[in-house]
Amino acid sequence: MIKTESLVKIFRTDEVETLALNKVDMEIKEKEFVAVMGPSGCGKSTLLNILGLLDSPTEGSYTLLGEEVSGYRERQRSEIRKNNIGFVFQSFNLIDELTIFENVELPLLYQGVPSSDRKRRVDETLERFNMIPRRNHFPQQLSGGQQQRAAVARAVITRPNLILADEPTGNLDSTHGEEVMQSLVELNEEGTTIVMVTHSPTYADYSRRTINLFDGAVVTEDVRGKAFI
């Protein structure tokens with residue numbers, strides 16, 4: 001599903017050049033659950049942004065679903081994101097002015113799904129994440145765990161091939177963090193590919209494989225805790 005070769009990302013200003021990713025080679029197969037770990041500033045979020053087509057690499061190749069996408073313009077990247085990728089962020093990124101129902105419905109509006117189908121699919125998804133009683137609440141009326149469950153519901157409403165999660169448990173206590181992780185595990189068991197950035201070895205253990213970054217480069221990979229590089 002995902003393959004990068006010699007992926008480089010350089011951020012430049014008038015005075016400073018920062019190498020964020022340094023020749024990253026990686027491959028993630030369909031239906032995998034992969035955690036990306038490493039110290040702050042090692043390039044984890046930069047890598048996730050490129051995998052999610054929110055940013056472009058400076059050099060190198062990125063193949064998604066068999067398609068070389070590294071040189072795509074924003075309009076092309078947006079079309080692929082809309083139809084194939086769901087995002088879950090540490091800060092939830094729910095829209096405060098919209099109800100939970102409306103937040104989860106939003107991706108279907110972008111896809112042009114008819115109103116009756118939208119209502120059915122949103123209600124089914126909210127039911128799955130035990131959020132039906134909160135469907136008419138606004139984000140600020142919910143706990144952090146409830147907001148993140150709503151964010152996961154929004155990420156999966158379009159039935160994406162790939163979910164990218166950036167520190168999805170970072171703002172949650174352990175109980176709510178485990179609830180969110182269990183939701184991701186269930187989605188993976190149903191066939192969704194998941195790539196998750198995390199600082200937590202405990203939450204990384206929910207994945208099937210861990211890719212460890214340091215100074216923008218892949219240094220080790222672990223399967224169920226056993227290094228093979």
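Which residues in α3 are buried? I find Ile-100, Phe-101, Asn-103, Val-104, Glu-105, Leu-106, Pro-107 and Leu-108 buried in α3; buried means under 20% relative accessible area, exposed over 50%, partly exposed in between (1.4 Å probe, protein chains only). Helices are DSSP runs (H or I, at least four residues) numbered from the N terminus.

I note that this is a predicted model, where local features need pLDDT of at least 70 and side-chain atom pairs count only at pLDDT 80 or more, while totals for chains, interfaces and linings use all residues. Residues are numbered from 1 along each chain as its sequence is written, and side-chain values use heavy atoms, with hydrogens and water left out.

I looked up the cover next: α4 (115–128) and α5 are among what covers the buried residues of α3.

Helix α3 (residues 100–111) packs on helix α5 (residues 144–156) at about 25°, with axes 7 Å apart. From α3, Ile-100, Asn-103, Val-104 and Pro-107 make the contact, and from α5, Ala-150, Ala-153 and Arg-154; contact means heavy atoms within 4.5 Å.

After α3 comes Gly-112, with a positive phi near 75°.

For rings I count two aromatic pairs (centres within 6.5 Å; planes under 30 degrees apart are stacked, over 60 edge-to-face, the rest tilted). Phe-87 and Phe-89 are stacked, 5.9 Å centre to centre with 5° between the planes. Tyr-203 and Tyr-206 have centres 6.3 Å apart and planes at 35°, so I log this pair as tilted. Tyr-203 is buried at 10%, whereas Tyr-206 is partly exposed at 26% relative accessibility.

How values were computed
Axes are lines fitted to C-alpha atoms, for helices over the stretch in contact, and angles run from 0 to 180 degrees between N-to-C directions. Helices (H or I, at least four residues) and strands (E, at least two) are DSSP runs, numbered from the N terminus. Rings of Phe, Tyr and Trp (its six-membered ring) pair if their centres lie within 6.5 Å; planes under 30 degrees apart count as stacked, over 60 as edge-to-face and the rest as tilted.
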